[in-house]
Amino acid sequence: MIYQQAFDYHTAGRGTYELSPEVDNHIHNSGIKTGICSLFIHHTSASLLVTENADPTVRVDLEMILRRLAPDGDPAYHHDYEGPDDMSAHVRCMLTNDSLTLPVTHGRSALGTWQGIYLYEHRTSSFRRRLTLTIMGEH
Amino acid sequence: MIYQQAFDYHTAGRGTYELSPEVDNHIHNSGIKTGICSLFIHHTSASLLVTENADPTVRVDLEMILRRLAPDGDPAYHHDYEGPDDMSAHVRCMLTNDSLTLPVTHGRSALGTWQGIYLYEHRTSSFRRRLTLTIMGEH
Amino acid sequence: MIYQQAFDYHTAGRGTYELSPEVDNHIHNSGIKTGICSLFIHHTSASLLVTENADPTVRVDLEMILRRLAPDGDPAYHHDYEGPDDMSAHVRCMLTNDSLTLPVTHGRSALGTWQGIYLYEHRTSSFRRRLTLTIMGEH
(Lines give C-alpha, C1' and ligand atoms only; values in the text may rest on other atoms or scores of the structure.)
Protein backbone atom coordinates (compact mmCIF):
# COMPACT_ATOMS: atom_id res chain seq x y z
CA MET A 1 0.00 0.00 0.00
CA ILE A 2 1.11 3.50 -0.82
CA TYR A 3 -0.22 6.84 0.34
CA GLN A 4 1.30 10.02 -1.04
CA GLN A 5 0.29 13.58 -0.33
CA ALA A 6 1.89 16.94 -1.00
CA PHE A 7 1.15 19.83 1.33
CA ASP A 8 2.26 23.41 1.92
CA TYR A 9 3.52 24.96 5.10
CA HIS A 10 3.73 28.72 5.59
CA THR A 11 6.81 29.76 7.56
CA ALA A 12 7.27 33.09 9.33
CA GLY A 13 11.02 33.55 9.18
CA ARG A 14 14.05 31.59 10.30
CA GLY A 15 13.40 28.88 12.86
CA THR A 16 11.89 25.47 13.49
CA TYR A 17 8.23 24.51 13.00
CA GLU A 18 7.02 21.24 14.41
CA LEU A 19 5.39 18.87 11.92
CA SER A 20 4.94 15.78 14.14
CA PRO A 21 1.13 16.10 14.59
CA GLU A 22 0.61 16.73 10.87
CA VAL A 23 2.75 13.71 9.97
CA ASP A 24 0.76 11.51 12.36
CA ASN A 25 -2.52 12.77 10.91
CA HIS A 26 -1.37 11.66 7.47
CA ILE A 27 -0.27 8.26 8.78
CA HIS A 28 -3.68 7.87 10.41
CA ASN A 29 -5.44 8.84 7.16
CA SER A 30 -3.33 6.39 5.17
CA GLY A 31 -4.59 3.42 7.17
CA ILE A 32 -1.04 2.02 7.10
CA LYS A 33 -0.04 0.34 10.37
CA THR A 34 3.49 -0.94 9.65
CA GLY A 35 6.02 0.48 7.22
CA ILE A 36 7.92 3.69 6.58
CA CYS A 37 7.03 7.33 6.20
CA SER A 38 9.26 9.43 3.97
CA LEU A 39 9.01 13.19 4.20
CA PHE A 40 10.65 15.37 1.54
CA ILE A 41 10.98 19.15 1.25
CA HIS A 42 11.07 20.62 -2.26
CA HIS A 43 13.45 23.49 -1.45
CA THR A 44 17.15 24.18 -1.02
CA SER A 45 16.85 26.90 1.63
CA ALA A 46 14.57 25.11 4.12
CA SER A 47 15.15 21.62 5.46
CA LEU A 48 13.98 18.90 7.85
CA LEU A 49 15.28 17.85 11.24
CA VAL A 50 14.46 15.40 14.00
CA THR A 51 15.56 16.79 17.34
CA GLU A 52 14.54 17.14 20.97
CA ASN A 53 11.00 18.46 21.46
CA ALA A 54 11.09 18.96 25.24
CA ASP A 55 13.39 21.88 26.06
CA PRO A 56 13.13 24.63 23.40
CA THR A 57 16.63 25.91 24.23
CA VAL A 58 17.98 22.86 22.37
CA ARG A 59 16.72 24.47 19.17
CA VAL A 60 18.07 27.86 20.24
CA ASP A 61 21.51 26.27 20.57
CA LEU A 62 21.26 24.36 17.27
CA GLU A 63 20.48 27.71 15.63
CA MET A 64 23.57 29.25 17.26
CA ILE A 65 25.75 26.43 15.91
CA LEU A 66 24.30 26.76 12.39
CA ARG A 67 24.98 30.52 12.43
CA ARG A 68 28.56 29.69 13.35
CA LEU A 69 29.09 26.94 10.73
CA ALA A 70 27.14 28.73 7.99
CA PRO A 71 27.55 32.45 8.64
CA ASP A 72 25.11 34.89 7.07
CA GLY A 73 26.74 37.31 4.63
CA ASP A 74 30.13 35.58 4.74
CA PRO A 75 32.45 37.72 2.55
CA ALA A 76 33.74 34.50 0.92
CA TYR A 77 30.32 33.72 -0.65
CA HIS A 78 29.85 34.33 -4.37
CA HIS A 79 26.10 33.65 -4.29
CA ASP A 80 24.20 36.49 -2.59
CA TYR A 81 21.38 37.41 -5.02
CA GLU A 82 18.73 37.29 -2.32
CA GLY A 83 20.68 38.80 0.55
CA PRO A 84 22.97 37.70 3.39
CA ASP A 85 20.72 34.74 4.35
CA ASP A 86 20.66 33.30 0.80
CA MET A 87 23.86 31.27 0.64
CA SER A 88 23.90 30.50 4.36
CA ALA A 89 20.48 28.87 3.88
CA HIS A 90 21.91 26.52 1.22
CA VAL A 91 24.78 25.58 3.54
CA ARG A 92 22.37 24.90 6.39
CA CYS A 93 20.38 22.61 4.09
CA MET A 94 23.54 20.68 3.22
CA LEU A 95 24.27 20.18 6.93
CA THR A 96 20.71 19.07 7.80
CA ASN A 97 18.21 16.97 5.75
CA ASP A 98 16.03 17.32 2.67
CA SER A 99 14.30 14.06 3.54
CA LEU A 100 13.49 12.05 6.65
CA THR A 101 12.57 8.37 6.73
CA LEU A 102 10.65 7.33 9.84
CA PRO A 103 9.34 3.94 10.85
CA VAL A 104 5.56 3.56 11.03
CA THR A 105 4.51 1.20 13.84
CA HIS A 106 0.97 0.57 15.15
CA GLY A 107 -0.29 3.26 12.77
CA ARG A 108 1.94 6.03 14.12
CA SER A 109 5.40 7.47 13.47
CA ALA A 110 7.57 5.52 15.89
CA LEU A 111 9.41 8.53 17.31
CA GLY A 112 11.36 8.33 20.54
CA THR A 113 9.90 10.04 23.62
CA TRP A 114 11.95 13.19 23.10
CA GLN A 115 11.95 13.34 19.30
CA GLY A 116 10.02 15.88 17.27
CA ILE A 117 9.91 16.37 13.48
CA TYR A 118 10.72 19.92 12.43
CA LEU A 119 10.65 21.97 9.27
CA TYR A 120 13.66 24.28 9.55
CA GLU A 121 13.19 27.57 7.71
CA HIS A 122 16.62 29.01 7.01
CA ARG A 123 15.59 32.24 5.29
CA THR A 124 14.84 35.23 7.50
CA SER A 125 11.57 36.14 5.75
CA SER A 126 8.31 34.19 5.26
CA PHE A 127 7.89 31.48 2.64
CA ARG A 128 5.37 28.94 1.44
CA ARG A 129 7.18 25.61 1.61
CA ARG A 130 6.10 22.50 -0.31
CA LEU A 131 6.54 19.03 1.18
CA THR A 132 5.66 15.53 0.01
CA LEU A 133 4.89 12.72 2.38
CA THR A 134 4.99 9.13 1.11
CA ILE A 135 3.86 6.29 3.38
CA MET A 136 4.45 2.70 2.31
CA GLY A 137 3.50 -0.41 4.21
CA GLU A 138 0.62 -2.65 5.21
CA HIS A 139 -2.62 -2.50 7.21
CA MET B 1 6.76 -7.75 1.98
CA ILE B 2 7.58 -5.89 5.15
CA TYR B 3 9.69 -6.92 8.10
CA GLN B 4 9.99 -4.58 11.07
CA GLN B 5 11.85 -5.14 14.29
CA ALA B 6 12.87 -2.89 17.16
CA PHE B 7 15.97 -3.73 19.14
CA ASP B 8 18.13 -2.24 21.89
CA TYR B 9 21.84 -1.62 21.87
CA HIS B 10 23.79 -0.93 25.05
CA THR B 11 26.52 1.65 24.52
CA ALA B 12 29.51 2.18 26.80
CA GLY B 13 30.25 5.87 26.33
CA ARG B 14 31.02 8.14 23.40
CA GLY B 15 32.14 6.39 20.24
CA THR B 16 31.10 4.22 17.31
CA TYR B 17 29.61 0.71 17.55
CA GLU B 18 29.38 -1.37 14.40
CA LEU B 19 25.90 -2.63 13.54
CA SER B 20 26.61 -4.16 10.10
CA PRO B 21 26.44 -7.84 11.20
CA GLU B 22 23.24 -7.27 13.18
CA VAL B 23 21.62 -5.50 10.22
CA ASP B 24 22.56 -8.39 7.92
CA ASN B 25 21.13 -10.91 10.39
CA HIS B 26 17.81 -9.10 10.28
CA ILE B 27 17.85 -8.95 6.49
CA HIS B 28 18.55 -12.70 6.43
CA ASN B 29 15.68 -13.36 8.86
CA SER B 30 13.31 -11.22 6.81
CA GLY B 31 13.70 -13.44 3.75
CA ILE B 32 13.74 -10.28 1.60
CA LYS B 33 16.20 -10.45 -1.28
CA THR B 34 15.69 -7.13 -3.09
CA GLY B 35 14.53 -3.85 -1.59
CA ILE B 36 15.55 -1.35 1.03
CA CYS B 37 16.47 -1.49 4.68
CA SER B 38 15.70 1.56 6.78
CA LEU B 39 17.36 1.89 10.16
CA PHE B 40 16.12 4.51 12.63
CA ILE B 41 17.40 5.52 16.07
CA HIS B 42 14.83 6.78 18.59
CA HIS B 43 17.13 9.31 20.30
CA THR B 44 18.46 12.82 19.83
CA SER B 45 21.86 12.28 21.46
CA ALA B 46 22.99 9.17 19.56
CA SER B 47 22.94 8.80 15.79
CA LEU B 48 23.79 6.61 12.79
CA LEU B 49 26.67 6.77 10.36
CA VAL B 50 28.04 4.86 7.40
CA THR B 51 31.80 5.27 7.20
CA GLU B 52 35.04 3.39 6.52
CA ASN B 53 35.35 0.13 8.44
CA ALA B 54 38.97 -0.69 7.55
CA ASP B 55 41.28 1.76 9.34
CA PRO B 56 39.92 2.66 12.81
CA THR B 57 41.81 5.97 12.79
CA VAL B 58 39.17 7.25 10.34
CA ARG B 59 36.68 7.15 13.22
CA VAL B 60 39.24 8.73 15.57
CA ASP B 61 39.53 11.64 13.15
CA LEU B 62 35.76 11.95 12.64
CA GLU B 63 35.45 12.19 16.43
CA MET B 64 38.09 14.94 16.49
CA ILE B 65 36.16 16.92 13.86
CA LEU B 66 32.85 16.52 15.72
CA ARG B 67 34.49 17.78 18.93
CA ARG B 68 35.65 20.80 16.96
CA LEU B 69 32.29 21.53 15.26
CA ALA B 70 30.17 20.70 18.32
CA PRO B 71 32.31 21.53 21.36
CA ASP B 72 31.41 20.02 24.71
CA GLY B 73 30.47 22.60 27.33
CA ASP B 74 30.49 25.53 24.89
CA PRO B 75 29.78 28.65 26.97
CA ALA B 76 27.29 29.77 24.30
CA TYR B 77 24.96 26.81 25.01
CA HIS B 78 21.74 27.44 26.97
CA HIS B 79 20.85 23.75 27.28
CA ASP B 80 23.16 21.96 29.72
CA TYR B 81 20.84 20.05 32.11
CA GLU B 82 22.75 16.82 31.75
CA GLY B 83 26.29 18.18 31.62
CA PRO B 84 28.83 19.42 29.07
CA ASP B 85 28.11 16.55 26.62
CA ASP B 86 24.34 17.17 26.55
CA MET B 87 23.97 19.94 23.97
CA SER B 88 27.01 18.87 21.98
CA ALA B 89 25.33 15.46 21.54
CA HIS B 90 22.26 17.14 19.99
CA VAL B 91 24.49 19.11 17.61
CA ARG B 92 26.36 15.95 16.61
CA CYS B 93 23.02 14.29 15.84
CA MET B 94 22.05 17.19 13.60
CA LEU B 95 25.33 16.83 11.67
CA THR B 96 25.03 13.04 11.27
CA ASN B 97 21.89 10.86 10.72
CA ASP B 98 18.87 9.65 12.64
CA SER B 99 18.06 7.22 9.85
CA LEU B 100 19.91 5.31 7.15
CA THR B 101 18.38 3.82 4.03
CA LEU B 102 20.41 1.00 2.51
CA PRO B 103 19.74 -1.07 -0.58
CA VAL B 104 19.08 -4.79 -0.03
CA THR B 105 20.50 -6.90 -2.85
CA HIS B 106 20.79 -10.72 -2.99
CA GLY B 107 19.48 -10.86 0.59
CA ARG B 108 22.19 -8.63 2.07
CA SER B 109 22.81 -4.93 2.70
CA ALA B 110 24.60 -3.82 -0.45
CA LEU B 111 27.39 -1.95 1.30
CA GLY B 112 30.58 -0.98 -0.48
CA THR B 113 33.78 -2.89 0.37
CA TRP B 114 34.90 -0.29 2.89
CA GLN B 115 31.56 0.72 4.32
CA GLY B 116 30.37 -0.14 7.82
CA ILE B 117 27.14 0.83 9.60
CA TYR B 118 27.73 2.45 12.98
CA LEU B 119 25.69 3.56 15.93
CA TYR B 120 27.40 6.74 17.16
CA GLU B 121 26.93 7.32 20.88
CA HIS B 122 27.51 11.03 21.57
CA ARG B 123 27.04 11.01 25.35
CA THR B 124 30.09 10.21 27.46
CA SER B 125 28.28 7.71 29.71
CA SER B 126 26.47 4.43 28.95
CA PHE B 127 22.98 4.26 27.51
CA ARG B 128 20.44 1.77 26.27
CA ARG B 129 19.61 2.89 22.74
CA ARG B 130 16.45 1.85 20.88
CA LEU B 131 16.49 1.30 17.11
CA THR B 132 13.90 0.19 14.58
CA LEU B 133 14.78 -1.62 11.40
CA THR B 134 12.25 -1.79 8.58
CA ILE B 135 12.96 -3.93 5.52
CA MET B 136 10.69 -3.68 2.50
CA GLY B 137 10.99 -5.60 -0.74
CA GLU B 138 10.49 -8.97 -2.37
CA HIS B 139 11.78 -12.55 -2.10
CA MET C 1 6.66 -3.14 -7.42
CA ILE C 2 10.40 -2.89 -7.04
CA TYR C 3 13.03 -1.82 -9.53
CA GLN C 4 16.68 -1.94 -8.52
CA GLN C 5 19.70 -1.10 -10.61
CA ALA C 6 23.36 -0.53 -9.83
CA PHE C 7 25.39 1.77 -12.05
CA ASP C 8 28.84 3.35 -12.21
CA TYR C 9 29.74 6.99 -12.57
CA HIS C 10 33.23 8.14 -13.55
CA THR C 11 34.26 11.28 -11.73
CA ALA C 12 37.05 13.63 -12.79
CA GLY C 13 38.22 15.06 -9.48
CA ARG C 14 36.61 16.92 -6.63
CA GLY C 15 33.28 18.53 -7.39
CA THR C 16 29.61 17.96 -8.07
CA TYR C 17 28.15 15.90 -10.94
CA GLU C 18 24.46 16.17 -11.68
CA LEU C 19 22.55 12.87 -11.64
CA SER C 20 18.98 14.19 -12.00
CA PRO C 21 18.48 13.15 -15.67
CA GLU C 22 19.92 9.66 -15.03
CA VAL C 23 17.66 9.19 -12.00
CA ASP C 24 14.61 10.22 -14.04
CA ASN C 25 15.58 7.80 -16.82
CA HIS C 26 15.61 4.97 -14.31
CA ILE C 27 12.26 6.03 -12.87
CA HIS C 28 10.84 6.09 -16.41
CA ASN C 29 12.26 2.61 -17.11
CA SER C 30 10.83 1.24 -13.89
CA GLY C 31 7.27 2.05 -14.92
CA ILE C 32 6.60 3.17 -11.36
CA LYS C 33 4.36 6.24 -11.13
CA THR C 34 3.96 6.78 -7.36
CA GLY C 35 6.37 5.82 -4.62
CA ILE C 36 9.92 6.52 -3.54
CA CYS C 37 13.33 6.42 -5.16
CA SER C 38 16.28 5.64 -2.93
CA LEU C 39 19.77 6.38 -4.22
CA PHE C 40 22.80 4.99 -2.40
CA ILE C 41 26.53 5.48 -3.01
CA HIS C 42 28.82 2.59 -2.09
CA HIS C 43 31.78 4.75 -0.98
CA THR C 44 32.99 6.71 2.03
CA SER C 45 34.87 9.42 0.11
CA ALA C 46 32.13 10.48 -2.32
CA SER C 47 28.56 11.35 -1.35
CA LEU C 48 25.16 12.58 -2.51
CA LEU C 49 23.54 15.99 -2.24
CA VAL C 50 20.36 17.75 -3.29
CA THR C 51 21.03 21.45 -3.82
CA GLU C 52 20.27 24.39 -6.09
CA ASN C 53 20.74 23.65 -9.78
CA ALA C 54 20.28 27.18 -11.13
CA ASP C 55 23.28 29.30 -10.13
CA PRO C 56 26.52 27.25 -10.16
CA THR C 57 28.16 29.59 -7.63
CA VAL C 58 25.97 27.94 -4.97
CA ARG C 59 28.07 24.81 -5.42
CA VAL C 60 31.28 26.88 -5.45
CA ASP C 61 30.31 28.28 -2.05
CA LEU C 62 29.28 24.88 -0.64
CA GLU C 63 32.73 23.64 -1.66
CA MET C 64 34.35 26.59 0.15
CA ILE C 65 32.40 25.76 3.32
CA LEU C 66 33.35 22.07 3.15
CA ARG C 67 37.02 23.00 2.77
CA ARG C 68 36.66 25.11 5.90
CA LEU C 69 34.80 22.49 7.99
CA ALA C 70 36.86 19.54 6.72
CA PRO C 71 40.29 20.92 5.87
CA ASP C 72 42.58 18.94 3.57
CA GLY C 73 45.76 17.76 5.26
CA ASP C 74 44.74 18.93 8.72
CA PRO C 75 47.72 18.22 11.00
CA ALA C 76 45.32 16.73 13.57
CA TYR C 77 44.36 13.83 11.24
CA HIS C 78 45.79 10.38 11.94
CA HIS C 79 44.45 8.85 8.72
CA ASP C 80 46.36 10.10 5.67
CA TYR C 81 47.34 6.95 3.70
CA GLU C 82 46.09 8.31 0.43
CA GLY C 83 47.14 11.95 0.80
CA PRO C 84 45.78 15.23 2.17
CA ASP C 85 42.33 14.71 0.60
CA ASP C 86 41.82 11.25 2.15
CA MET C 87 40.54 12.03 5.63
CA SER C 88 38.87 15.28 4.58
CA ALA C 89 36.82 13.22 2.09
CA HIS C 90 35.52 11.00 4.91
CA VAL C 91 34.56 14.07 6.96
CA ARG C 92 32.74 15.58 3.96
CA CYS C 93 30.80 12.33 3.58
CA MET C 94 29.76 12.48 7.24
CA LEU C 95 28.47 16.05 6.74
CA THR C 96 26.55 15.23 3.52
CA ASN C 97 24.62 12.04 2.54
CA ASP C 98 25.33 8.46 1.54
CA SER C 99 21.71 8.01 0.53
CA LEU C 100 18.87 10.17 -0.73
CA THR C 101 15.18 9.27 -0.62
CA LEU C 102 13.06 11.15 -3.14
CA PRO C 103 9.33 10.97 -3.78
CA VAL C 104 8.25 9.59 -7.17
CA THR C 105 5.12 11.33 -8.46
CA HIS C 106 3.55 11.02 -11.93
CA GLY C 107 6.48 8.80 -12.95
CA ARG C 108 9.16 11.36 -12.13
CA SER C 109 11.33 12.38 -9.17
CA ALA C 110 9.25 15.10 -7.54
CA LEU C 111 12.08 17.61 -7.17
CA GLY C 112 11.43 21.28 -6.51
CA THR C 113 12.00 23.77 -9.31
CA TRP C 114 15.51 24.61 -8.12
CA GLN C 115 16.60 21.21 -6.85
CA GLY C 116 19.20 19.03 -8.55
CA ILE C 117 20.59 15.65 -7.47
CA TYR C 118 24.38 15.60 -7.31
CA LEU C 119 27.11 13.06 -6.80
CA TYR C 120 29.78 14.89 -4.80
CA GLU C 121 33.30 13.57 -5.45
CA HIS C 122 35.46 14.56 -2.49
CA ARG C 123 38.78 13.13 -3.68
CA THR C 124 40.92 15.33 -5.92
CA SER C 125 41.64 12.60 -8.51
CA SER C 126 39.34 10.54 -10.75
CA PHE C 127 37.35 7.56 -9.51
CA ARG C 128 34.78 5.06 -10.69
CA ARG C 129 31.90 5.39 -8.23
CA ARG C 130 29.23 2.71 -7.74
CA LEU C 131 25.62 3.64 -6.94
CA THR C 132 22.44 1.65 -6.41
CA LEU C 133 19.03 3.02 -7.18
CA THR C 134 15.94 1.33 -5.72
CA ILE C 135 12.49 2.46 -6.77
CA MET C 136 9.44 1.12 -4.92
CA GLY C 137 5.84 1.94 -5.63
CA GLU C 138 2.94 1.33 -7.95
CA HIS C 139 2.01 1.89 -11.62
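## Contact between chains A and C

In this predicted model, the contact between chains A and C involves 26 residues of chain A and 31 residues of chain C. On the chain A side, the elements that contribute two or more residues are strand E1 (2-10), strand E3 (34-41), helix H3 (86-95), strand E5 (99-105) and strand E8 (128-138) of chain A. H3(A) supplies the largest share of this side, six residues. The side of chain A that touches chain C comprises twelve nonpolar, twelve polar and two charged residues.

## Contact between chains B and A

Chain B gives 26 residues to its contact with chain A, and chain A gives 31 residues. Two or more residues of the chain B side come from each of strand E1 (2-10), strand E3 (34-41), helix H3 (86-95), strand E5 (99-105) and strand E8 (128-138) of chain B. With six residues, H3(B) gives the most to the side of chain B that touches chain A. Classified by residue type, that side holds twelve nonpolar, twelve polar and two charged residues.

## Nonpolar core

In soluble globular proteins, nonpolar side chains tend to be buried together. Here the largest nonpolar core has 113 residues. The residues with the most contacts inside this core are A:Cys37, A:Leu102, A:Val104, B:Cys37, B:Val104, C:Cys37 and C:Val104.

The surroundings of C:Cys37 illustrate one of these positions. When neighbours within four places in sequence are left aside, C:Cys37 is in contact with C:Val23, C:Ile27, C:Leu102, C:Val104, C:Ser109, C:Leu133 and C:Ile135. Among these partners of C:Cys37 is C:Val104, itself one of the residues with the most contacts inside the largest nonpolar core.

Terms used: Residues are numbered from 1 along each chain as its sequence is written. Chains are lettered from A and ligands numbered from 1 in the order in which they are written. This is a predicted model: local features need pLDDT of at least 70, side-chain atom pairs count only at pLDDT 80 or more; totals for chains, interfaces and linings use all residues. Two residues are in contact if their C-beta atoms, placed from the backbone, lie within 7 Å. Helices (H or I, at least four residues) and strands (E, at least two) are DSSP runs, numbered from the N terminus. Ala, Val, Leu, Ile, Met, Phe, Trp, Tyr, Cys and Pro count as nonpolar, Asp, Glu, Lys and Arg as charged, and the others, Gly among them, as polar. A nonpolar core is a set of buried Ala, Val, Leu, Ile, Met, Phe, Trp, Tyr and Cys residues joined through C-beta atoms within 7 Å. A residue is buried if 20 or more other C-beta atoms lie within 10 Å of its own, exposed if 12 or fewer, and partly exposed in between; C-beta atoms are placed from the backbone.
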